[in-house]
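Open the model in a viewer with the sequence panel beside it. The stops below say what to select next and what is there.

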Amino acid sequence: MALKDTLLRIFTWWNGQTVSLAMYTARSGTFVGSDELGNKYYKAIGPLIDRSVGPERRWVVYNGYADASKVPPGWRAWLCHNGDVPPSEEDYQPRAWQKPHVENQTGSPDAYRPKGSQLSWGARPAATGDYVPWTPDA
């Protein structure tokens, strides 16, 4: 591992896993599965220190930049204790209406800009004519 990679793991939390998370995962984590984006999912081994987090502690190690929108719905349900069976242990087939993951486009040229928005491309549509401005002498 290069010096730059080592420093990034020590001082950044948004790019993969930190050194402390790697040590915690090695010490008390059990690999549960991974998704199509390369994220890895773990759960804690043994008794919990804090019972307020639920029956067991679960976490994700992101593949690259830490973006919560990269977690597929099945894994998100498992992480939030909405399901007991991880998607790696069931044969889930996505519905036809479910779309594949698209990274958050906010702040980029590909961001959604509805018709009429000041940031959308092209000319704004003309006013509809049902607006009558207020005048003080009326």
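Start inside: select Val 32, Tyr 41, Val 60, Tyr 62, Val 71, Trp 75, Trp 78 and Leu 79, the eight residues of the largest nonpolar core. A nonpolar core here is a set of buried Ala, Val, Leu, Ile, Met, Phe, Trp, Tyr and Cys residues joined through side-chain atoms within 4.5 Å. Buried means under 20% relative accessible area, exposed over 50%, and partly exposed in between, with a 1.4 Å probe and protein chains only. Helix α3 (residues 73–79) gives the largest share of this core, three residues. In soluble globular proteins, nonpolar side chains tend to be buried together.

The model is predicted: local features need pLDDT of at least 70 and side-chain atom pairs count only at pLDDT 80 or more, while totals for chains, interfaces and linings use all residues. Residues are numbered from 1 along each chain as its sequence is written, and side-chain values use heavy atoms, with hydrogens and water left out.

**The whole chain**

Now colour the model by secondary structure. The protein chain has three helices and three strands, and from the N terminus on the order is α-α-β-β-β-α. Helices (H or I, at least four residues) and strands (E, at least two) are DSSP runs, numbered from the N terminus. Of the 138 residues in the protein chain, 24% are buried. Accessible areas come from the Shrake-Rupley method with a 1.4 Å probe, and for residues only the protein chains shown count as cover.

**The strands**

Select residues 29–34 and 40–44, which are strands β1 and β2; they run antiparallel and are joined by five bridges. Two strands pair if DSSP finds at least two bridges between them. The two form a hairpin with five residues between them, and Gly 38 in the turn has a positive phi of about 90°. Which residue of β2 is the bridge partner of Gly 29? Ala 44 is that partner. Phe 31 stands opposite Tyr 42 in β2.

Show the side chains of β3. Arg 58 and Val 60 point one way, Trp 59 and Val 61 point the other way, and all are buried. Keep Val 60 selected and look for its contacts (heavy atoms within 4.5 Å). Leaving aside neighbours within four places in sequence, Val 60 is in contact with Asn 39, Lys 40, Tyr 41 and Leu 79.

**A salt bridge**

Move to Glu 56 and Arg 58, whose side chains meet in a salt bridge at 2.8 Å, N to O. The term covers a side-chain nitrogen of Lys or Arg within 4 Å of a carboxyl oxygen of Asp or Glu. By this rule the count comes to one. Are Glu 56 and Arg 58 buried or exposed? Both are buried.

Select Leu 3, Leu 7, Ile 10, Phe 11, Val 19 and Met 23, which make a nonpolar surface patch of about 630 Å². Patches are made of residues with over 30% relative accessible area and no salt bridge; like charges are joined within 9 Å and nonpolar side chains (Val, Leu, Ile, Met, Phe, Trp, Tyr) within 5 Å. Helices α1 (3–11) and α2 (19–28) each supply at least two residues, and α1 gives the largest share, four residues. Val 19 lies in α2 and counts as partly exposed because its relative accessibility is 34%.

Ser 28 is also in α2, but it counts as buried because its relative accessibility is 12%. Not counting residues up to four places away in sequence, Ser 28 touches Lys 43, Ala 44, Ile 45 and Trp 59.

**Last stop**

Select His 81, in the segment after α3. His 81 has a positive phi of about 65° although it is not a glycine. Most residues other than glycine have a negative phi. With 27% relative accessibility, His 81 counts as partly exposed.
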